[in-house]
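User: Can you walk me through this model? I'll ask as I go.

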Amino acid sequence: MGSEWARTLEERARAGLPPVEGEIRGAGLLEAVEVVHDRWGVPHIYAESARDAYFAQGFVVASQRLFQMDMAWRLATGRISEMFGELTLPLDRFVRTVGWGRAARRFVGMWDERSAEMADAFAEGVRAWVETMPARPIEYDVLEVDPLVPGATEARELIAAAAIYVGWSLSNNWDAELLRAEIARRLGWGAVGTLFPGPPSEPSVVVAGEGGARTGPRATLELLREAPRPSNGQGSNNWVVGGRRSVTRMPLLANDPHLLVQMPSAWFEVHLRAPRLNVRGVAFPFSPGVVIGHNDRIAWGFTNVGGDTQDLYLERLSDDGTAALYQGTWEPLAFHREEIEVRGRSAPEIVEVRESRHGPILDSYLVGIARPEVVAGGIRETYALRFVGLEEALEPSTVHGLDTAGDFREFRSALRGWTCPGQNAVYADVEGNIGYQCTGLHPIRRAGDGSVPAPGWTDAFEWEGYVPFDELPWSYNPDEGFLVSANNKPYDDTYPWDLGRDFLPPHRARRITELLTATPLHDPESFARIQMDTVSLPARQVVPWLLEIRPADERQRRALALLEGWAFDVAPGSAAAAVFEVWSRRIAEAILRPRLGEELYDHAYARRQWTNTFQYQVLPHLLAYPTATWFGEEGRAGRDAVLREALDAALDELTAAFGPDIAAWSWGGLHSVRFAGPLAVIPDLAELFTGGVAPMGGDEQTVLQGLFEPGVSYEAVVVPSWRQIVDLADLDRSVGTNTVGQSGNPASPHFKDQFELWSTGRLHPLPFTRGAVMEAAESVVRLLPDPPQTARPLAPELAR
């Protein structure tokens with residue numbers, strides 16, 4: 001460890017490690033709970049009731065991830081500046097404006113009894129840990145702040161707000177609407193059609209449910225042109241095969257959700273065992289239950305749907321800004337006074353939020369993924385935001401229903417409550433069945449398709465409820481014997497509803513299907529190889545066009561020869577992959593930057609918070625049909641001139657990074673992944689809070705997800721956050737891995753013990769039965785009620 005300060009902090013961190021042997025008393029626990037930690041630090045919680053299981057979950061998660069939990073709760077309620085001061089104030093202002101906390105306060109009043117009990121028990125467990133912990137996490141010492149320890153009511157609101165935050169982070173259509181409008185202002189609507197192609201239509205292994213036809217999208221552009229103009233001033237994979245495609249003749253299910261690189265891991269692995277509850281998998285560190293995993297009957301995984309659950313409405317305000325025009329009448333706006341406590345200030349920051357019937361009026365947007373920045377004043381129109389996640393709650397009881405479902409009917413029933421974010425849920429069970437269900441609330445629009453801002457002064461574009469759950473796409477035991485989902489459009493052109501236009505490209509889904517059908521029978525090893533696949537289908541499309549240019553010199557000739565012999569594998573050791581990726585970025589820069597201008601270029605491409613549509617969907621079309629609009633000159637000559645200039649820039653960049661010897665170039669030399677905690681930005685503490693750094697293959701559209709921000713660096717910022725492969729023939733043969741480790745404490749042996757597995761594509765066993773758990777056990781601790789209750793042995797049901 002580098003500095004004396006870092007060594008001192010590590011010793012303090014060691015003092016804060018939770019006991020893993022013996023007995024611990026916790027106020028609020030009703031009966032004794034046994035917690036068995038296996039060799040990977042995963043707690044297997046054996047409780048006499050579901051309520052005590054959720055208490056123990058809160059206790060154990062807090063003992064390993066208290067600071068992460070605290071950060072998530074503060075972020076979701078616009079309170080992160082209590083820790084970091086002015087640095088994070090723009091983000092808090094944005095969160096308060098959108099109103100995650102306001103919605104959470106409203107939602108908890110509508111929760112069912114199960115949700116309230118789960119949240120209360122989880123929060124009681126958190127408080128019990130804080131009261132008994134030997135030392136607080138060292139992040140609090142560095143920042144000189146105290147942990148957020150909520151009471152019962154506040155805890156419910158924090159858990160609800162965190163669920164809204166998750167829904168928001170996986171819902172990005174409002175940003176696409178804003179981009180379309182801004183690009184139309186600058187380049188016209190023709191450019192919008194080019195830069196925002198709709199998702200391709202193709203037959204899908206996911207079969208849509210039955211549903212009645214609706215009217216198609218209607219253009220909103222003419223009405224928008226009437227609006228007064230003021231002067232100018234943000235994926236995953238899952239698949240499942242049935243028994244006839246598996247060596248065991250029983251289903252196999254794989255899932256690797258793609259989330260932001262973070263330290264500690266985004267997920268907390270846990271096993272909950274109580275009467276009528278036996279589930280293991282991964283949970284969010286800030287709420288109760290298991291989100292992805294399996295119980296003793298079924299297994300499931302999630303990918304994000306990406307449906308359109310957000311709309312921007314262009315409002316006409318009165319001269320004094322206190323009312324919005326609607327159907328010829330001035331409707332008073334709602335006003336919300338938000339007070340933000342800012343570290344270092346004696347008085348709070350006051351945010352006055354205005355809200356129309358459609359939602360909060362926005363004045364800022366976000367750019368960037370790894371370190372998002374608020375572009376204050378970046379919205380030049382009066383847009384109000386309507387968002388499903390601000391109107392409909394995802395309750396904890398929905399997770400409990402999922403965790404205890406025993407067949408496909410109960411699985412689907414539980415998912416009816418999965419309101420936002422919509423998820424593609426794949427399913428398998430111990431009877432040999434497989435299935436799929438699209439979830440979420442997807443608005444039915446009276447007119448328009450939600451792809452551009454709609455006029456707010458008329459009722460023509462209002463929502464008319466949501467697509468009925470039974471008419472969302474679903475499938476059960478399909479003839480193909482497998483199901484695949486990778487954020488692609490989950491239905492074909494025969495489907496009667498319009499769920500959105502901003503689905504991710506289908507390349508990962510196509511590649512997974514290609515690999516599944518190339519092998520007659522699969523096992524966990526073949527599934528693990530698929531999860532690590534780095535072959536790029538977009539490169540197959542683009543490279544032949546790039547190879548059409550005539551090289552300007554010997555250096556370009558060698559680079560083109562490298563691509564000519566390339567198998568389109570974006571492997572970390574590939575020089576050709578490095579040339580392709582850097583050249584593609586330079587092409588985008590050459591085409592987009594001069595046409596969009598710096599701010600819009602950052603928003604639309606360089607630091608966009610969602611998919612790199614340009615490289616994977618737009619560029620192939622531009623190369624095939626070159627026009628002066630994008631290349632400055634009609635036809636191949638103009639295109640090839642831009643490509644040669646971009647290739648020169650790419651080769652200059654690669655030479656600067658690696659030297660002139662092409663044999664020394666590699667994609668992994670540019671494209672690495674770094675797991676580092678928030679305080680790793682402090683130089684003396686970087687080593688202490690870093691969980692691992694490794695070269696990485698792939699990009700956004702390979703099965704192995706490795707999205708990077710082209711305007712920042714080639715460092716991967718979105719990656720597989722959890723990998724699981726569930727074997728329904730024998731659940732104890734299931735395998736998985738977290739990104740770095742279970743613990744957020746840098747002194748823990750489980751702080752980064754899984755990183756080598758994750759970075760090399762290996763997985764560890766996921767013991768489930770009592771015998772397998774005890775065989776893998778590293779330690780056992782008993783949580784006891786405080787005050788003491790009459791001790792009882794573990795119930796026979798739990799001992800099996």
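User: Where does threonine 702 sit?
Analyst: Threonine 702 is in the loop between strand 27 (690–695) and strand 28. Helices (H or I, at least four residues) and strands (E, at least two) are DSSP runs, numbered from the N terminus. This is a predicted model: local features need pLDDT of at least 70, side-chain atom pairs count only at pLDDT 80 or more, and totals for chains, interfaces and linings use all residues. Residues are numbered from 1 along each chain as its sequence is written, and side-chain values use heavy atoms, with hydrogens and water left out.

User: Is threonine 702 buried or exposed?
Analyst: Buried, with a relative accessible area of 0%. Buried means under 20% relative accessible area, exposed over 50%, partly exposed in between (1.4 Å probe, protein chains only).

User: What does the side chain of threonine 702 reach?
Analyst: Two backbone atoms. It reaches the backbone nitrogen of aspartate 699 at 2.9 Å and the backbone oxygen of leucine 704 at 2.6 Å.

User: And what is threonine 702 in contact with, leaving aside neighbours within four places in sequence?
Analyst: Arg508, Asp533, Thr534, Val535, Ser536 and Val570. Contact means heavy atoms within 4.5 Å.

User: Switching to serine 721. Where is that?
Analyst: Serine 721 is in the loop between strand 29 (716–720) and strand 30 (722–727). Serine 721 counts as buried because its relative accessibility is 3%.

User: Which side chain does serine 721 join in a polar contact?
Analyst: Tryptophan 267, side chain to side chain, at 2.8 Å. A polar contact is a pair of N or O atoms within 3.5 Å; within protein, one must be able to donate a hydrogen and the other to accept it, and residues adjacent in sequence count only if both atoms are side-chain atoms. Not counting residues up to four places away in sequence, serine 721 also touches others, including Pro257, His258, Asn738 and Thr739.

User: How does strand 19 pair with strand 9?
Analyst: Antiparallel, over 7 bridges, with strand 9 at residues 298–304 and strand 19 at residues 423–429. Tryptophan 300 stands opposite tyrosine 427, and phenylalanine 302 has alanine 425 as its bridge partner.

User: And with strand 20?
Analyst: Antiparallel again, over 5 bridges, with strand 20 at residues 434–438. Asparagine 424 has cysteine 438 as its bridge partner. The hairpin has 4 residues between the strands, and glycine 432 takes a positive phi near 100 degrees.

User: Which way do the side chains of strand 19 point?
Analyst: Gln423, Ala425, Tyr427 and Asp429 point one way, while Asn424, Val426 and Ala428 point the other way. In a regular strand the side chains alternate between the two faces of the sheet. Here 7 of the 7 residues in strand 19 are buried.

User: How many aromatic pairs?
Analyst: 30. Rings of Phe, Tyr and Trp (its six-membered ring) pair if their centres lie within 6.5 Å; planes under 30 degrees apart count as stacked, over 60 as edge-to-face and the rest as tilted. Phenylalanine 408 and tyrosine 476 are stacked, because their centres are 4.6 Å apart and their planes are at 15 degrees. Phenylalanine 408 is in helix 13 (residues 408–415) and tyrosine 476 in strand 24, 68 residues apart.

User: Is each one buried or partly exposed?
Analyst: Phenylalanine 408 counts as buried at 7% relative accessibility. Tyrosine 476 counts as partly exposed at 36%.

Technical notes:
Two strands pair if DSSP finds at least two bridges between them.
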